[in-house]
Amino acid sequence: MLYGCDYLNESQLPQIHTKLAIALGIVILAVMLLPILAISQSTGTIEPGFAGALGAMRQAEMAGATPSEIAALVALLNKALELNGEALKLTAPGDANRRTQLISEVDQILITVQSQAHDLTTIASHRSSTNKALTYVLGIVAAFVGTILFGFSVSFYRAYRIKRTFQMRITRK
Amino acid sequence: MSFLSSQNRRTLITVFITLLIVCEMLAYVATTPRPQEQFFQLYVLGAHHMAADYYPNNNTDISIGEAVAWYLGVVDNMGSVQLVSVRVKIGNQTIKPPDDQNATESPAPLVAEYMRVLQDNETWETPFVWTITDAVSTGGSTHLLTLQFNNETYQLQDRTASGGHNFRLIFELWTLQPDTDTFQFGWVASGEHRVAWLQVWFNMTSPRLA
């Protein structure tokens, strides 16, 4: 600890520098993150499960799910958005039951989407790796076939040249 | 076979390795997704589905009860599925528009929000018919009180313009970030924060008197 006008000894200086560096780092980080934090807003108006469902769908996409496979999930998610919007409009106390029912339907759809997206990720991932392996194997096969064709071509060309040589005639000029 | 002499065998091996490299490179190119530019498009079209005829009779002065028909569209070119939200705000001449440089939203009050999940390369277009259903004039200023978007009525607070001139509808594109579960104004692509927004100006010079 430092009191009043005590002087710092050499062993205390590096500690102060480290603390200053950490504090400076936090300030810089806060300043850098400020624009990002300022423009982010809580989802408030939609159920929290939407983010999870969207994340799962993106994973399925990255795993190689086809647009038609994703389209089915997108349709479900849009249906959930529609129901979520309907639920938000029901603000009267008498609509509480209907609102709860709609929200539970939304949650159910989100669970379905997430589960189907996970299944799709597994299937698409397996399919993608199989396709990739097959493509590389095809490359090896193509190289092998190409080499055999090259060998035969060279062999035939040589036989042709030998035949032509023996067919030559020597004529006096 | 005379062809399989040691020299020929070496030639064949060289050819095979060369072909193998070429074929595997082709296989790599075929199986690796190409990076694409990630962006959204946000647009508003006029009544005839063109970037024209935004106002009835080409008159920017909108009367109470006059329906203005537009088409609002978003195109997802992000290379992935996205949950987008188009936020409609109402501003006047003095309120700040969104800031492209700092990627910050307009402080204008939010009136309505439209959400949609979009696939890569999908276009979502929806009719956007709006009407000023109530406006009042006090002290030389026009106050917009209620607006209708697609037959839904929205109450407005403190939307005033001097003489009823230079009101504007501001459309901002927001995206849901699944990792943080928050909506973000614009999107991040290649480490860069980008935004898309539009504004359409109009006047309301024939309000009812208070």
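**A walk through the two chains**

Guide: Gladly! Leaving aside its neighbours within four places in sequence, B:Arg159 is in contact (heavy atoms within 4.5 Å) with B:Ile90, B:Gly91, B:Asn92, B:Ile95, B:Pro109, B:Thr142, B:His143, B:Leu144 and B:Phe167. This is a predicted model, where local features need pLDDT of at least 70 and side-chain atom pairs count only at pLDDT 80 or more, while totals for chains, interfaces and linings use all residues. Residues are numbered from 1 along each chain as its sequence is written, chains are lettered from A and ligands numbered from 1 in the order in which they are written, and side-chain values use heavy atoms, with hydrogens and water left out.

Visitor: Is B:Arg159 buried or exposed?

Guide: B:Arg159 sits in strand S7 (residues 152-162) of chain B; helices (H or I, at least four residues) and strands (E, at least two) are DSSP runs, numbered from the N terminus. Buried means under 20% relative accessible area, exposed over 50% and partly exposed in between, using a 1.4 Å probe and protein chains only. With a relative accessible area of 9%, B:Arg159 is therefore buried.

Visitor: How many salt bridges are there over all chains?

Guide: The count needs a rule. A salt bridge here is a side-chain nitrogen of Lys or Arg within 4 Å of a carboxyl oxygen of Asp or Glu. Applied over all chains, that rule gives a count of nine.

Visitor: Which strand holds the B:Glu172 that meets B:Lys89?

Guide: The side chains of B:Lys89 and B:Glu172 form a salt bridge, at 2.9 Å from N to O. B:Lys89 belongs to strand S3 of chain B, and the two residues are 83 apart in sequence, so the pair ties together separated parts of the chain. B:Glu172 is buried, at a relative accessible area of 0%. The strand holding B:Glu172 is S8 (residues 167-177) of chain B.

Visitor: Where does B:Glu105, another partner of B:Lys89, lie?

Guide: B:Lys89 and B:Glu105 also meet in a salt bridge, with 2.6 Å from N to O. The pair links distant parts of the chain, 16 residues apart, with B:Lys89 in strand S3 (residues 82-91) and B:Glu105 in the loop between S3 and strand S4 (110-118) of chain B. B:Lys89 is buried at a relative accessible area of 3%, whereas B:Glu105 is partly exposed at 22%. So the place to look for B:Glu105 is the loop between S3 and S4 of chain B.

Visitor: How many residues apart in sequence are B:Arg208 and B:Asp134?

Guide: Their side chains meet in a salt bridge, 2.8 Å from N to O. B:Arg208 lies in strand S13 (residues 208-209) and B:Asp134 in strand S5 (residues 123-138) of chain B, so the pair ties together parts whose separation is 74 residues.

Visitor: Is B:Asp134 buried or exposed?

Guide: B:Arg208 makes a handy reference, as it is partly exposed with a relative accessible area of 41%. B:Asp134 has 18% relative accessibility and so counts as buried.

Visitor: Which loop holds B:His49?

Guide: B:His49 has a phi near 65 degrees, a positive value in a residue other than glycine. B:His49 is partly exposed, with a relative accessible area of 40%. B:His49 lies in the loop between strand S1 (39-45) and strand S2 (67-77) of chain B.

Visitor: What is phi of B:Asp53 near?

Guide: B:Asp53 is found in the loop between S1 and S2 of chain B. B:Asp53 is partly exposed, at a relative accessible area of 29%. Phi is positive in this residue, which is not glycine, and its value is near 55 degrees.

Visitor: Turning to chain A, how do H2(A) and H4(A) lie to each other, roughly parallel or roughly antiparallel?

Guide: The axes of helix H2 (residues 49-63) and helix H4 (residues 96-166) of chain A come within 8 Å and cross at roughly 15 degrees. Axes are lines fitted to C-alpha atoms, for helices over the stretch in contact, and angles run from 0 to 180 degrees between N-to-C directions. Angles under 35 degrees count as roughly parallel, over 145 as roughly antiparallel, 65 to 115 as roughly perpendicular and the rest as oblique. H2(A) and H4(A) are therefore roughly parallel.

Visitor: What pattern does chain A follow along the sequence?

Guide: Chain A has four helices and one strand. Of its 173 residues, 24% count as buried. Read along the sequence, the pattern is α-β-α-α-α.
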